[in-house]
Amino acid sequence: MYKTIAVSMFAGLMAISMLAGAETGSVHSITLKAVALDSGQLAYQMVKHKIKSPSGKVEDITKRYSQEASIPGPAIVMTEGDKAEVTLEHGIKGSNDPVSIHVHGVHYKIDSDGTMKILNHVNDQAAFPGKPYTYKWTAAAGTAGAWPYHDHTFGNPMLGAEDKGLYGTLIINPKSGKVPALIDGKVQNVAIKDIKREFILWMNETTFWGMEVNNIVNRQVPLWTNPTLGARENDLVRFHVIGIGTGFHTFHLHAHRWIQPGTTHIVDTFNIGPIQRESFVVKAGEGVGPGMWHYHCHVLQHMQSGMMGAFKVFESARN
Ligand SMILES: [Cu+2]
């Protein structure tokens, strides 16, 4: 009798754990380093990124990243259900200031807040020279989107040096593998695997700072300031626009329209304040063709200060 119950309980537990297993995503082991650039600015650099899939297969994807530190920092891409262990190394020569990673969007326990004990009342969650710190993140269901990560301890007061360049992007893709987009005049779901290029644009005071995630060659390319973005006509392109600093901005891309996330409203501008973010997908040159399409902040004073770039849509070679 007891034996029967024990066996059926065991079978039940097995079923539950198998179900849980099916829901579990990949585990990311990431090492980042904070360094000083020749310009005196600070930046994050990717040291190592390995992914362990639910089947146990480990893939080293470090080569997808730029070898150099960049502003914005490396774009970390995960899927809802994934977990990450992110170790930060202190590589800022000539400074003993603690440096950290505070992440937005994903879930974490208090010891992964990326702040100092004076704020979190637990411990100093920062890297010191020769003493890295590890953060644990869970990309829970519902956290899909583009999120900022940034330093929250460097400098005096110890509130962070995002203004010196210590910030980067975390992209959480939905488990469904699909995102809504306005394509051929209709709102429809597009597969993330069909997106050719992702352009990350940070709006920082009067400058855009860019990063390209090129899914064709599987490489990230730092684009630095006010970049010219390039795509082939009809390619699916995803933009991620994030604010940082003290300015309030209006992002505008010429000739392209997209849907306001969560709605079916067609827009071609949106407002971005510090740490606000917006992602959208367009089909490059849809309805307008190839061209040197301007993008800029629509706050006139910012625009007059040079806050602009180009989205160059090349004729499709596949037509
Ligand atoms: Cu602006």
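In this predicted model, five strands form an open sheet in the order β14-β13-β12-β16-β21, and their pairing is mixed. The two edge strands are β14, residues 219-225, and β21, residues 277-283, each of which pairs on one side only. From one strand to the next, the twist averages 15°.

Let us now turn to strand β16. How does β16 run relative to β12? Strand β12, residues 195-204, and strand β16, residues 236-244, are parallel, and nine bridges join them. R197 has V237 of β16 as its bridge partner, and W202 has I242 of β16 as its partner.

With β21, the arrangement is antiparallel, and seven bridges connect that strand to β16. Here H240 stands opposite S279 of β21.

Is β16 enclosed or open to the outside? Nine of its nine residues are buried, so β16 is largely enclosed by the rest of the structure. Its side chains may be considered in two sets. L236, R238, H240, I242 and I244 point one way from β16, whereas V237, F239, V241 and G243 point the other way, and all are buried.

For contrast, please look at K52, which belongs to strand β2, residues 42-52. Why does K52 count as partly exposed? Its relative accessibility is 45%, and the partly exposed class covers values between the limits of 20% for buried and 50% for exposed. K52 and Y167 are 115 residues apart along the chain, and their C-alpha atoms are separated by 25 Å.

I come next to the metal site. Which protein atoms are donors to the copper ion? They are ND1 of H249, SG of C297 and ND1 of H302, lying 1.9 to 2.1 Å from the ion. Along the sequence, the spacing of these donor residues is H-x47-C-x4-H. Of this group, C297 and H302 are both buried.

My last topic is empty space inside the protein. Rolling a probe the size of a water molecule over the atoms shows where such space is left. How many cavities of 30 Å³ or more does a search of the whole structure find? The search finds one. The largest cavity holds about 40 Å³ of space. Its lining consists of M46, Y65, S66, E68, S70, P74, M211 and Q220.

Note on methods
Residues numbered from 1 in each chain as written. Predicted model: local features only at pLDDT ≥ 70, side-chain atom pairs only at ≥ 80, totals over all residues. Heavy atoms only, no water. 1 Å grid on protein atoms, 1.4 Å probe; cavity = no way out; pocket = protein on both sides within 12 Å on 5 of 7 lines; lining within 4 Å. Points joined across faces, edges and corners; volume = space filled by probe spheres on them. Pairing = 2+ DSSP bridges. Helix = DSSP H or I, 4+ residues; strand = E, 2+ residues; numbered from the N terminus. Axes fitted to C-alpha atoms, helices over the stretch in contact; angles between N-to-C directions. Donors = N, O, S within 2.8 Å, 3.2 Å for Na, K, Ca; no water. Buried < 20%, exposed > 50% of the residue type's maximum accessible area, 1.4 Å probe, protein only.
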